[in-house]
Amino acid sequence: MEKIFLRFVKFISPVLQKTGVDTTQLYEIIKVKLMMDERRPKAMFAARKNMQNNTKVQSPWLITFFTVLMGLFIGLVLFLNQMPFVGQTLYFLIFMTLMSITLISDFTTVLIDTRDQFIILPRPVNDRTVAVSRILHISFYVLRLALLQGIAGLVIVGFTDGIAAVPLLFIQILLATFMSIFFVNIIYLLLMRSVSPQRFKDIISYFQIGFSVIIFGTYYLLPRLINISVLENISLITHWWSWLLPPVWIAGLNELIIHGARAGFITIPLAVLGVLTPIVGLWLVAKVLAPGFNRRLAIIATSDGNSTSAPKITKVEKTSFFDKIANIVAPDPVENAGFKITMKLAARSRDFKLKVYPAFAYVPMYFLYFVLKGNGSLTDKLDKLQHGHSYIFLPYLCTFILTNILMNVSMSDKYKSAWVYYALPVDQPGKILSGMYKAIIVGFFLPYCLIISIPVILVWGPQTINDIILAVLIGIIYGILMALFTVKGLPFSKPVIAKQGGGRFISTMMIMIFIAAVGFGHYLISRWELVIWILIVPFLILNLVMFHYYKKQTWENIEMADM
Amino acid sequence: MSETPLIEIRNLRKFYGEKEVLKGINLDIYPGQVIGYIGPNGAGKSTTVKILTGLIPDFGGEVIVNGINMAQNPLEIKKLIGYVPENAEIYDVLTPMEYLDFIGKLYSMEETALHDRAAKLLTAFGLGTNKNDRMDTFSKGMKQKVLLIAGIINNPKIIILDEPLSGLDANAVIMIKELIMRLSQEGKTIFYCSHMMDVVEKVSDRILLINKGEIIADGTFESLKQNHSDTLEQIFSKLTGREDQSNETDAIINAFE
């Protein structure tokens with residue numbers, strides 16, 4: 001595919017040459033960029049390349065396969081073609097969202113490749129060549145993605161709407177892609193105008209977090225809340241707000257050409273919008289947005305580090321607050337160090353946030369998913385929910401967060417900085433680990449449980465307080481067990497690799513089954529309030545004992561990454 | 001020395017927001033000179049280099065290289081310059097040969113000559129056996145060597161080296177020092193930025209000391225020595241206002257008490 005594209009670049013060279021582009025340089029830049037893309041693991045698919053081991057480079061075929069598969073899932077909504085617009089609108093809504101997010105997440109590394117400033121800019125390459133190479137590179141990437149993602153849809157639409165709809169869908173996909181590019185460009189520009197490069201990357205990662213939450217939420221909750229047969233018969237176009245949605249415009253094309261008989265008058269202007277907006281958008285991107293974009297990037301790259309930012313005073317106070325907590329819960333100096341380093345790295349490392357923060361939103365979703373399961377109307381289910389004891393599962397579900405954090409806390413892209421642990425005379429690494437664990441509890445688990453318990457207490461009343469305390473204590477014990485059996489590295493000390501299976505999986509399952517049993521026992525006895533209050537005491541003691549032993553871990557229990 | 005300067009810098013100014021980083025720099029650099037450009041961190045060294053290599057297009061004043069004005073025709077100037085950046089940025093998923101092929105072609109070099117030269121240079125720098133390995137496995141010194149080669153692959157008239165010895169072992173350092181002298185004998189003009197005073201002292205014909213955006217000393221090592229002290233290190237600390245070094249070390253020692 002790369003070769004075809006390079007041939008295409010050669011083919012259009014004469015035209016580009018007239019506009020002042022050095023075509024030999026252009027060809028070389030694009031060739032190198034494509035080569036690097038191929039060798040770079042994609043961010044969208046979480047399995048990262050093992051830093052130590054270059055033979056295990058992710059196969060580009062696997063990524064292609066997953067993209068096509070994803071396209072197949074989206075394509076399934078095209079079967080909803082009883083009512084006008086519905087299936088196609090949904091299809092393009094998901095298609096464009098996926099496309100935009102992939103562009104935002106995968107392309108930050110390419111667009112903000114500051115190395116270009118030092119490698120290409122000092123060479124005699126004119127601005128236009130650089131700009132055109134960037135545009136062509138992006139187009140190739142995007143079109144490839146669009147085709148892979150759309151191929152299943154092209155087949156499906158042939159079955160549902162007849163063979164004539166296939167070339168039409170192809171055009172629609174192109175239009176949807178252009179529109180996504182336009183949106184992404186605007187988002188980028190708005191962000192670049194208003195924030196620093198560092199902050200910019202942070203915001204992009206929040207986009208990614210938001211995206212995974214949305215995907216998760218729609219997957220689990222939407223079918224519970226909305227009946228699919230209702231969706232099938234919805235008459236979308238009678239709601240005026242639907243006229244404002246770009247996917248509707250693009251779906252309008254299909255409606256107008258394939259189902260012309262049932263198309264209303266409003267379909268015509270919508271379809272026209274569907275053709276015009278992407279084209280105008282693309283023109284705006286090329287003529288107005290892109291030049292400013294490149295200039296902006298150049299400024300960011302060259303002035304980096306020279307910008308004098310005002311010191312943030314509020315931040316200092318906040319850390320001193322956490323420092324105080326650190327001194328109370330982790331008085332031992334080594335433990336204190338482990339506590340603070342975990343706290344600060346976890347709060348500031350983008351990679352960690354990206355993996356852990358979505359879990360915060362998953363917990364209430366899981367809860368709703370489980371309690372809304374089964375038949376009956378939504379109001380019935382909610383009513384039943386309020387009078388039952390199922391709220392007990394909510395604090396237990398919070399252990400999901402613990403699992404998630406523990407799975408990621410020992411990994412980092414910059415794992416080599418962890419040499420300090422090994423170079424300094426630390427006799428009991430267990431102290432660092434217990435500091436780390438306390439930081440996870442104090443910094444993430446407890447605040448989260450606190451927030452979760454507010455609605456629980458509001459809905460089910462104050463008699464739930466003892467249940468929450470007990471569940472949290474049990475959750476902490478679960479966490480220690482997990483940490484003991486699965487976290488073998490010091491905080492942020494190991495390279496990010498694909499999760500390893502094997503023996504650890506068994507122990508994880510055992511711990512989970514155990515905790516599920518305890519939780520179920522809790523559910524059974526939850527009607528006796530006093531028993532719960534009394535049970536809190538032994539579990540508190542058990543906690544302290546376990547912390548004591550957790551601290552005793554020696555260097556033999558710790559896996560080190562190769563430095 | 002020829003009488004017409006190769007690089008003329010007139011009243012060069014640069015602001016980052018409110019902060020004036022370069023406060024009117026004037027310089028004439030003649031062909032074949034090895035310029036040692038030194039100064040404390042944040043003095044404006046990197047900014048000067050970035051302007052000279054065309055990385056920062058907006059600046060006040062005039063930069064003329066080989067009779068070409070930087071503001072009007074940066075591309076022609078870039079063709080004359082080879083640049084080894086300080087921050088060691090490199091596309092490390094490529095192999096050295098692929099990387100040099102890319103860089104050479106950006107200079108519009110012809111492929112067979114380019115490959116021949118790249119292979120010869122890689123072998124000369126001791127990377128002959130690694131020329132087709134990806135650079136993400138390379139050590140810092142090996143990457144630095146590739147960057148150095150990329151800086152001279154087009155046989156430039158002017159070579160700008162920003163901290164070129166970082167990560168190199170002692171033998172490589174000796175080799176580079178010798179190389180700088182040989183290149184200058186070949187008529188190349190070399191602009192050498194570094195914090196390593198002993199190296200600057202040895203390789204430079206002329207030393208420029210910049211502090212707070214101004215050139216505060218300009219001359220051969222010998223001439224600087226007569227006015228001030230006997231090593232470049234001492235000259236440096238005197239001129240940049242850090243004579244009270246012993247007080248600082250006192251304070252450090254006292255901190256343990």
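Trainee: What makes the pairing of the B:Asp101 side chain with the B:His115 side chain a polar contact?

Mentor: In this predicted model, the two side chains come to 2.8 Å. The cut-off is a pair of N or O atoms within 3.5 Å, one able to donate a hydrogen and the other to accept it. The B:Asp101 and B:His115 side chains are therefore listed as a polar contact.

Trainee: Why is B:Asp101 called buried?

Mentor: Its relative accessible area is 10%. Buried means under 20%. So B:Asp101 counts as buried.

Trainee: Where does B:Asp101 lie, and what is it in contact with beyond its neighbours within four places in sequence?

Mentor: B:Asp101 lies in helix α3 of chain B. Its contacts, those neighbours aside, are A:Glu28, A:Lys31, B:Glu111, B:Leu114 and B:His115.

Trainee: How do you know that α2(A) and α3(B) are roughly antiparallel?

Mentor: Take the angle. The axes of α2 (residues 23-39) of chain A and α3 (residues 96-106) of chain B cross at roughly 155°. Angles over 145 degrees count as roughly antiparallel. The pair is therefore roughly antiparallel. The axes come within 9 Å, and the crossing is left-handed.

Trainee: Which residues make that contact?

Mentor: From α2(A): A:Gln25, A:Glu28, A:Ile29, A:Lys31, A:Val32, A:Met35 and A:Arg39. From α3(B): B:Glu98, B:Asp101, B:Phe102, B:Lys105 and B:Leu106. By class, the contact has five nonpolar, one polar and six charged residues.

Trainee: How many helices and strands does chain A have?

Mentor: Chain A has 23 helices and zero strands. Of its 563 residues, 48% are buried.

How values were computed:
Residues numbered from 1 in each chain as written. Chains lettered and ligands numbered in written order. Predicted model: local features only at pLDDT ≥ 70, side-chain atom pairs only at ≥ 80, totals over all residues. Heavy atoms only, no water. Axes fitted to C-alpha atoms, helices over the stretch in contact; angles between N-to-C directions. Helix = DSSP H or I, 4+ residues; strand = E, 2+ residues; numbered from the N terminus. Parallel < 35°, antiparallel > 145°, perpendicular 65-115°, else oblique. Left-handed = near helix turned anticlockwise from the far one by under 90°. Contact = heavy atoms within 4.5 Å. Nonpolar A, V, L, I, M, F, W, Y, C, P; charged D, E, K, R; others polar. Buried < 20%, exposed > 50% of the residue type's maximum accessible area, 1.4 Å probe, protein only.
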